[in-house]
Amino acid sequence: MSEVKTIYLKNYKAPLFSVVSCDLKFELFEEETIVTNCMKIKKLDESIKEIVLDSIDLELLELWLNDLKLKEPRYKIEKESLTIFNVPDEFTLKIKNKIFPHANTELEGLYKSGTIFCTQNEPEGFRKITPYLDRPDVMSVFTTTVIADKKKYPILLSNGNKRATEDLQDGRHSVTWEDPHKKPSYLFALVAGDLGYVNDSFMTMNARHVELNIYCDLGNESKCAHAMKSLKESMTWDEEKYGREYDLEIYNIVAVDSFNMGAMENKGLNIFNSAYVLANEDTATDANFMGIQSVIAHEYFHNWTGNRITCRDWFQLTLKEGLTVFRDQCFSADLNSKEVQRIESVIALRDRQFVEDASPTAHPIQPDSYMAINNFYTATVYEKGAEVIRMIHTLLGEENYRKATDLYFKTFDGQAVRTDDFLWAMSSASGVDLSAFEIWYHQSGTPKLIVKEKYENGVYTLTLTQKVPHAVDGKVQKPHFYPLKIALFNEAGEEIVNETLIVQKEQEEFTYKGLASLPILSINRDFSAPIRVEQEQTNYPFLMKHDTNSFVRYESAQSFAIKTVENIMLNGKIDEEFIEAYGYVLALDIDLSYKSLLLELPSISTLMQRQEEVDFEPIYEAKERLTKHIATTYKDKLLSIYHTFHMPKNTKIDALSIANRAIKNRVLRILSSLENEEVVSIAQKQYEESLTMTDRVVALDILENISAPHAEVAQADFYAKYKDDTLVMNKYFSILAASHRTGTLDRVMALQNDSVYDEKVPNLVRSLIGVFARNYKHFHAKNGYGYAFIADKIIEIDKINPQMASGLCSAFKIYEKLNLVNKNLMKKELERIISTHSLSKNAYEIISKILKI
């Protein structure tokens with residue numbers, strides 16, 4: 001792997017040329033595609049005599065400079081570039097090349113998803129379509145003509161507005177699209193296929209009519225209604241909250257099965273993983289519906305935060321992704337439960353990003369180097385990036401934040417900019433100095449805040465000490481600057497202080513006078529900063545009962561449960577005070593979705609992160625023992641809750657119906673730890689009678705883990721009903737891959753031979769192989785078979801789709817924290833992967849960092 005080069009932010013150089021316009025023609029055939037690329041180019045540095053275009057795996061047919069057809073040595077083709085020598089200050093470059101989409105298994109550039117031609121160009125896929133200055137700071141106006149067989153491909157789409165259609169000879173036709181807005185090549189998109197669609201329209205705040213279309217495989221049109229509703233809600237929300245109006249005549253979304261990511265915000269033509277478009281009550285869970293709403297919004301919001309204003313370079317990725325995740329989180333909170341949305345966002349951050357921050361692949365939200373930029377579409381860049389924007393919002397306040405985003409849009413519209421430009425807008429419009437805050441963009445790891453309290457003679461002193469982890473390279477990192485929301489309660493449960501502190505030094509003291517007694521501290525309310533808090537003593541039962549902040553009540557329940565599980569691991573004893581507090585929550589009359597979160601015990605990931613040396617077996621044993629004790633103690637109450645809210649014929653996806661399903665399925669999962677005939681019967685009946693996929697999936701998962709005979713019957717029924725629906729079969733594979741039963745690895749290996757499974761479809765790989773890699777019980781089995789299996793799959797899939805392979809490599813990030821037995825077993829497989837001939841730079845970068853090569 002000596003050829004793998006590291007790219008550094010410090011080496012950034014501005015482009016030497018601009019592309020004034022780019023006219024593209026695609027002639028689509030079954031075995032090949034002919035691309036004609038006509039660019040008007042202008043020098044930005046007159047001393048430069050040659051232009052170097054990014055180009056990978058392209059067969060060059062013709063090359064014209066103005067009216068001159070070029071031959072070698074006037075140009076040079078290398079592995080990843082096309083160089084043209086002696087170019088004038090302004091010129092037209094016409095390139096004709098051939099590509100082979102049907103053979104493209106990497107799913108970057110132009111490829112086929114089933115019978116559909118589609119593209120994925122972020123971050124560097126366009127260079128696999130045609131030679132170009134494939135970097136985000138080169139923005140141009142694109143016009144695209146697509147030509148194909150009319151019967152096979154009646155729908156031909158690209159960016160912008162439709163400008164012309166024409167029937168051609170031999171049963172072919174063409175459609176021309178024009179995008180009037182400058183964009184980088186990563187936002188180019190093309191789709192061709194025989195597609196079904198649903199149509200609607202939207203009237204913007206300035207009375208402009210926008211045509212809305214969602215395209216999908218024929219027969220799936222009825223599953224697009226929720227996505228269309230979510231799109232219109234997103235358009236309205238962005239106008240009301242940010243003053244952002246849509247800017248084209250048409251907005252198209254296309255759902256495809258083979259897609260490496262969740263979705264892509266290509267200007268005017270979003271291409272989506274079908275999992276984030278298609279849904280009805282029979283095939284999608286409540287979580288699927290929420291996910292669709294969120295991702296549809298995310299990609300739409302990119303129209304301004306990502307498209308109209310884009311990144312100068314890929315090191316600025318969080319500029320568009322962190323900001324847009326924050327926007328979609330706020331959208332989901334406004335349309336649903338703010339409390340539940342906030343807690344679920346924090347759960348996701350801790351399960352994914354905190355783990356990443358504690359690993360050898362930790363990086364700032366603005367990395368300073370990379371080998372493969374695909375590896376930096378991470379929870380750090382996205383979710384932690386969103387938390388950084390949220391802190392800015394807290395520091396500025398809602399009114400100033402809106403002024404600042406207005407200034408950002410006004411100043412930088414149509415440009416490729418940096419995170420520094422965004423921070424300039426935030427500071428300039430609000431008057432808030434963010435210079436100390438900028439450190440969040442450049443430091444890695446999760447900060448820890450150590451809390452000490454002292455009360456004496458009516459004076460309460462709160463001492464806060466920041467403990468910032470070293471960077472991966474051992475570099476000492478500085479204290480952070482952040483808002484910290486706190487409250488103080490008296491013994492009667494009355495709130496006596498509520499304020500936002502500014503934490504900025506390594507150690508600080510905050511003093512409160514005139515207090516009658518030692519107050520109870522409520523800290524990091526709303527999860528105001530993405531940190532870990534350590535306190536010597538916390539009155540968890542008090543905060544669970546009296547705190548007025550929904551996040552702190554949740555945090556207290558989780559922390560109390562964590563402490564209880566760790567005590568079981570330490571001395572085998574169950575804290576009955578926690579059991580009593582759990583019973584208190586069971587009896588609360590509160591929002592049921594929120595209540596279901598309060599009743600959820602900490603995840604294995606959460607418990608694992610707190611261990612200095614990780615051994616999963618005792619973690620599982622302790623959590624299972626606690627769950628069973630709760631189920632035994634409160635069996636009657638849990639059954640009562642279940643039967644009260646179990647409504648098997650209710651298929652509505654309104655807030656109340658979703659909440660009812662959330663609470664009854666939460667208590668059923670707790671009851672399943674009893675593994676008795678009564679619970680098996682309830683789960684079996686729920687599977688047979690419920691009409692929602694949410695209920696059936698939960699029942700199927702419970703049966704899989706506690707009763708193999710009943711599980712086999714239900715799974716056979718499920719398979720027979722849904723074997724032709726790939727999205728539902730993803731759920732089937734996930735349930736089996738996540739199973740705790742003995743023999744799970746053998747069953748996962750056998751499922752690879754199932755006729756439904758296809759290793760070239762990322763969703764199927766994620767649902768079977770990816771889910772198994774997150775099955776801590778079997779992946780980390782002490783015989784090492786789980787490690788060997790995933791290593792085999794990484795080596796195999798890397799040859800097909802490097803981006804998918806590097807995603808699987810993430811399962812090994814825990815390497816440094818493992819106990820010696822598991823660590824040695826994992827090391828053997830990591831060394832086997834990295835010694836593989838022709839390993840992609842994607843996989844190499846992840847594995848080399850884990851091994852610290």
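## Terms and basis of the model

A residue is called buried when its relative accessible area is under 20%, exposed when it is over 50%, and partly exposed in between, with a 1.4 Å probe and protein chains only. By that scale Asp526 is partly exposed, because its relative accessible area is 30%.

This is a predicted model, in which local features need pLDDT of at least 70 and side-chain atom pairs count only at pLDDT 80 or more, while totals for chains, interfaces and linings use all residues. Residues are numbered from 1 along each chain as its sequence is written, and side-chain values use heavy atoms, with hydrogens and water left out.

## Backbone features in loops

Asp526 has a positive phi of about 60 degrees although it is not a glycine, and it is found in the loop between β30 (520–523) and β31 (532–535); strands here are DSSP runs of E with at least two residues, helices are runs of H or I with at least four, and both are numbered from the N terminus. Leu107 likewise is a residue other than glycine with a positive phi, near 60 degrees, and its place is the loop between β9 (90–99) and β10 (109–113). Leu107 counts as buried, because its relative accessibility is 3%.

Pro73 lies in the loop between β6 (68–69) and β7 (75–78), whereas Pro123 belongs to the loop between β11 (116–120) and β12 (140–149).

## Aromatic pairs and charges over rings

The structure holds 46 aromatic pairs, where rings of Phe, Tyr and Trp (its six-membered ring) pair if their centres lie within 6.5 Å, and planes under 30 degrees apart count as stacked, over 60 as edge-to-face and the rest as tilted. The pair of Tyr197 and Tyr215 is tilted, because the ring centres are 5.4 Å apart and the planes stand at 40 degrees. This pair links distant parts of the chain, with Tyr197 in strand β17 (residues 195–203) and Tyr215 in strand β18 (residues 209–217), 18 residues apart. Tyr197 is partly exposed at 45% relative accessibility, while Tyr215 is buried at 8%. Phe326 and Tyr401 form an edge-to-face pair, because their ring centres lie 6.0 Å apart with planes at 85 degrees. Here Phe326 comes from helix α3 (residues 317–335) and Tyr401 from helix α6 (residues 398–412), 75 residues apart; Phe326 is buried at 2% relative accessibility, and Tyr401 is buried with a relative accessible area of 2%. Both residues belong to one aromatic cluster, whose members include Trp237, Tyr242, Tyr300 and Phe331.

A charge is said to sit over a ring if NZ of Lys or CZ of Arg is within 6 Å of the ring centre and within 35 degrees of the ring normal. Lys545 lies over the face of Tyr584, at 5.2 Å from the ring centre, and Lys823 over the face of Tyr815, at 5.3 Å.

## Helix packing

The axes of α3 and helix α5 (residues 379–396) come within 7 Å and cross at roughly 70 degrees; axes are lines fitted to C-alpha atoms, for helices over the stretch in contact, and angles run from 0 to 180 degrees between N-to-C directions. The two helices α3 and α5 are therefore roughly perpendicular, a label for angles of 65 to 115 degrees, with those under 35 degrees roughly parallel, over 145 roughly antiparallel and the rest oblique. Contact, meaning heavy atoms within 4.5 Å, is made by residues including Leu317, Phe326 and Gln329 of α3 and Val381, Ile389 and His393 of α5.

Helix α24 (residues 802–809) is largely enclosed by the rest of the structure, because 7 of its 8 residues are buried. Among the buried residues of α24 are Pro802, Met804 and Leu808, and the cover over its buried residues includes α21 (762–773), α23 (785–798) and α26 (841–851).

## Two further residues

Glu356, in helix α4 (residues 338–357), counts as buried because its relative accessibility is 7%. Its contacts, not counting residues up to four places away in sequence, include Thr361, His363, Thr378 and Lys813.

Ala416 lies in strand β24 (residues 416–417) and is partly exposed at 22% relative accessibility. With the same exclusion of residues up to four places away, Ala416 touches Pro136, Asp137, Met139, Thr310, Cys311 and Arg312.
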